[in-house]
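Visitor: I have a model on my screen. Take me through the terms used for it.
Guide: Gladly. Ask away.

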Amino acid sequence: METRGLWWNIHDFPYHKEIFYVLFVISLVFFIYGFYLKIKTWAQGKPKNNFNDFPKRIKYMFDKSFLHKGWGKNKLVLIAHILVFYGFFVLWIGTDILTVQDKMPEYFFEGAFYKAYSLFMDLCGLLMLVGLIAFGYIRYVKKPSRLDNSQNDWIQLIYLEAFVIVGFLIEGLRQSATNQIEPYAPIGACVALLVNTLSYDIKKIIHLTLWWAHSMQTFSFIALIPYTKFSHMFLAPANLFFFDTKPKGALTTPFNLAEILTMDNPPEDFAQTINTIQDFSWKDLMDLDTCTACGRCQEVCPATNSEKPLSPKWLILDLKQIMNNEPLYKHRFKGTQEVQSSNQLLNSISQETLWSCTTCRACVESCPVGIDQLTKIVELRRTLISENKAPNNLLNTLKNIRSRSNPWGQPPEDREKWTEGLDVPKVDSTPDFEYLYWIGCAGAYDSRNQNIAKTMVNLLKKAEVKFAILGKKEKCTGDTARRAGDEGLFQELALENIETFNSKNIKKIITHCPHCFNTFKNEYPEFGLKEVQVLHHTEILWDLIKQGKLVMNKEVSEQITYHDSCYLGRHNGQYDAPRNILNKVPGLKYIEMENSKEKGTCCGGGGAQLWYEAPGKQINVMRLNEVKESSAKTVASACPFCTIMLETARTLDKSGEPPVVQDISEIVARTAL
Ligand code: SF4
Ligand code: SF4
């Protein structure tokens, strides 16, 4: 029956097997010690409970690491990684099978099992080699800008390629020397045919030499895993397993203002700002260690793509260097002004880097190893705000929110001025309302968005929806304040708004704005908003259309595309309602832009960037250019911030005929009113 000696040739030399096992144990010691050091470093971070809901965690880890979900954009990278990942996995399991057989009294390494094993190992080795060559091609021939080749990645590629090739040579030499050419191990058989002319003794000597070279490669590989990029084999699944199960759109909550206000002796340092790297949570520190510098976050970052001084990749790598007491990479943003802070950590990261983020979440969604760049940026912003260090525009915006409950600084008593001449029901005078229609600051004060709010009012009336608005009792939700880093102001607003909702017995809310939608749905529950259904206006419009309460019967013969709002899309996974509506409009030709849905390009207005834009190109202009490339004549929006940003881009457009910007509700009104 077909088989082979597990220690063929090695048995002929005394103590080689024993030395092999001693070296193996030594490599394991290095391996365990390396990970021990990592865990010790992470343990210096703040506590965080990421140990709940094991089934959900296992599924997430399995989907992302084994099934490669979310890797779709670059097919070549996806295929290369699958080949290397599964090729390596099978070779690893195959080696373990040999160890098990070596220790087991019963012999199973023969016959059909042996043939299948040999075939599978050969094919997986070959596929892994193909994947490694593809990685080399991507990195050193295609050279995408997201990858920097300054690190020694080529050594690791060569190392693994040599590993597979030497394995094939050993196999071929054994087959040839034992006169057992194994067609079920085809790569080894080919090598055997190539070396057949060598003498038996030469084959044995070369085999022994290569066998030890292969073994030393294996041991050094095991020992080096925790200290090199190879560590991501273990860190990536572990980091994915410990992902944050909170809603995607919710930021971390460093303190609870309501609880602090009830304390007799509140702690002085309740703000929990980030002054040293250890002020991040252990999971944040684990994130830093897990980064493979793949640059996918940078590739999709609107700040990087508009030449602003932010790359989520280099921010994470800089923080990693700080964690490991190594020199920073921050020289990549030459030209940024360093504003000295009393905070050592913030002296290392350019403040302009932190103020360049639109909080669009594209980086988080694209990271294959589950790193949350966005939350770290906001947490660092909180520290800047605690030191009153922010661009003046932003400080003024926060001042406006604090003193006038809206970022524009408009008088609070003017909040319902837009309703003049329009009979809009108010909560206080409409006892039987079902929905609160939440206008938000943009809808209340920005003239372009006031028109959209009026349109929505007309549509809701037409569909006979029982709704009412709060009018002057509305206050900013605090989205901008929270994302700018003013957590205290956000929580003050949240508590006040929740009190209003509770006092008016509000159970259903339609929001005009995806930012308000996200804040109510994902962030307010932590502060006491319970059992309230939150809908974005596109959701209710689609429901009304499906129920036949809004009939879209007039033709809109136009080519229209849809710009995804980050806060409706990536933060909340809502992609369908706006598209469903547009696809139902008679005569309308819907065009999908290349960068849409999960890959949608940000308008540049989120994360308080509507009131401050870092130096660099204008993101809204870049997005409008993408609309123009789609050949759509109108771009539909579902967010007041996006509308403002795209309208501003139109005014800067030199082409003479920029695409028209319309809210989804305005398009529905054209066909249904
Ligand atoms: S959230 Fe958006 S803007 Fe901010 S770093 Fe990530 S990709 Fe860049
Ligand atoms: S943070 Fe994630 S996506 Fe960005 S470079 Fe690191 S591993 Fe890649």
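Visitor: Which helix gives the most to the shell around ligand 2?
Guide: Helix 13, with three residues. This is a predicted model: local features need pLDDT of at least 70, side-chain atom pairs count only at pLDDT 80 or more, and totals for chains, interfaces and linings use all residues. Residues are numbered from 1 along each chain as its sequence is written, while chains are lettered from A and ligands numbered from 1 in the order in which they are written.

Visitor: What makes a residue one of those that surround ligand 2?
Guide: Its C-beta atom, placed from the backbone, must lie within 6 Å of the molecule. For ligand 2, 15 residues surround it. The closest are Cys291, Cys294, Cys297, Lys313 and Cys367. Helix 11 (296–300) and helix 13 (312–323) are the elements that give two or more residues to this shell.

Visitor: What makes a stretch a helix or a strand?
Guide: Both are DSSP runs, numbered from the N terminus: helices are H or I with at least four residues, strands E with at least two. The protein chain has 28 helices and eight strands.

Visitor: How do you know where the domains end?
Guide: The bounds come from an automatic or database domain assignment. Among the domains are domain 1 (53–241) and domain 4 (559–672). Their C-alpha centres lie 46 Å apart.
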